[in-house]
Structure formats: C-alpha cells, structure tokens
Amino acid sequence: MLTGAADDDLVIVRNGAFGISIGTNGVTRLKINATGAVTMPLQPAFQAHPSANQDNIAKDSQVTVVLATERFDIGGNFASNTFTAPVTGKYQLNAEVRIDNADTGAAYYHLYLVTSNKSYFNIIDPNFTADLSYMSLNTSVLADMDADDTAYVAIYQSGGAVNSDIHTDSNFSGYLAC
C-alpha cells in the first residue's frame, strides 16, 4: 500500500533490497521485486469454469459454454459466460472444453473462442472406432480487442446423436498481455 501522497501523486517506493512499487492515488499499480520479477496487481485477468455439467448439448448449432464459477477475476470483467475487455489491447485467451460421451457419429466438433472482432476455433473429426468416454478440445489466441469488446466460448457438434456433455473440468481464461 502506498501512503503519504495526494490523490493525484505518482509515488515510487523502495521495498526491501532493490525492490520498488509504483502507484497512484494510494494504490500500487506495479511491483518489481529484488529478483526483477514484475507484477501488476490490477492487470485484467480471469479464469472461469462450469459449476455443473452441460448435458446432451444440441447438435448443428453453436452452444455457449456455461461458466458459472470464477476462480479469479481481477478487475471484475467476467460475467454471464462472457469476458468484456476493459481497455483496448491484446488479450491472451485460452479455452479447454472436456466433452464426455463424444459421439463418433458426429461429422466434427468445433471449439470456438468468439470475440467481437473474430471467431477463432479448433476442429476435430471424431472418426474413432467407438464413442469416447471423454476428450478435451483446446484453443488459444492472442486476440486484438477494443474496450468493451467481448469474448466467450462455444462448442458446435455437426450431426450425430445428442448425447455429448460439457464437463466441469472445462475452463476459460484470459489476461491483458499488452
């Protein structure tokens, strides 16, 4: 915590042997420790996962992955399955979706990272000899996002039976990279 400064003052404080903190308005914005490690305690970052399985997802339509539990949300920018960029920048976004009861009758599965500017995806053809008990789809991207752009995760199963489930081991995470 930075103290002793007026609300609009920039403060640089030495912390221990060669460590420093930089802040404004009495709040630490950047820390550099003695080893040179840099942390930005207010940098937007989040990780969320389902609180329950999403059973028997629809086929032939894009299904939003329901992510009701936040592990962390620095900045409070994640809500209702969606991340909203607080500032313009490049955001590292990552999604992993575990599918239980993956259907070999499906032509393919798409895992989407859907942003306001572009959709990114990973595709798999479940051309296996039998239905899988489980499989994981992963995708990540360094996405260009403007302030108030949004991002969410969706899955698409083309054809096959309606028996695939999204497991609670799935997750969506991201952070402002630059």
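**Strand pairing, aromatic pairs and a core**

Modeller: Tyr109 stands opposite Gln157 in S14. This is a predicted model: local features need pLDDT of at least 70, side-chain atom pairs count only at pLDDT 80 or more, and totals for chains, interfaces and linings use all residues.

Biologist: What makes S11 and S14 joined strands?

Modeller: Strands are DSSP runs of E with at least two residues, and helices are runs of H or I with at least four; both are numbered from the N terminus. Two strands pair if DSSP finds at least two bridges between them. S11 and S14 run antiparallel and are joined by 8 bridges, so they meet that rule. S11 also pairs with strand S12 (residues 119–124), in the antiparallel sense, over 6 bridges. There Tyr112 has Phe121 as its bridge partner, and 3 residues lie between S11 and S12 in their hairpin.

Biologist: Why is the pair of Tyr108 and Tyr156 called stacked?

Modeller: Rings of Phe, Tyr and Trp (its six-membered ring) pair if their centres lie within 6.5 Å; planes under 30 degrees apart count as stacked, over 60 as edge-to-face and the rest as tilted. The two centres are 6.0 Å apart and the planes stand at 20°, so the pair is stacked. Tyr108 lies in S11 (residues 108–115) and Tyr156 in S14 (residues 150–158), so the pair ties together parts 48 residues apart in sequence.

Biologist: Why is Tyr108 called partly exposed?

Modeller: Buried means under 20% relative accessible area, exposed over 50%, and partly exposed in between, with a 1.4 Å probe and protein chains only. Tyr108 has 26%, so it falls in between. In S11, 7 of the 8 residues are buried.

Biologist: How do you know that Phe172 counts as buried?

Modeller: Phe172 has 0% relative accessibility, so it is buried.

Biologist: What makes Arg98 a charge over the ring of Tyr134?

Modeller: The rule asks for NZ of Lys or CZ of Arg within 6 Å of the ring centre and within 35 degrees of the ring normal. The charged end of Arg98 sits over the ring of Tyr134, 5.1 Å from its centre, so the distance is within the limit.

Biologist: What makes the largest nonpolar core a core, and which of its residues touch the most other members?

Modeller: A nonpolar core is a set of buried Ala, Val, Leu, Ile, Met, Phe, Trp, Tyr and Cys residues joined through side-chain atoms within 4.5 Å. The largest one has 31 residues, of which Leu93, Ile155 and Phe172 touch the most other members. S10 gives the most to this core, with 6 residues.

Key:
Residues numbered from 1 in each chain as written. Heavy atoms only, no water.
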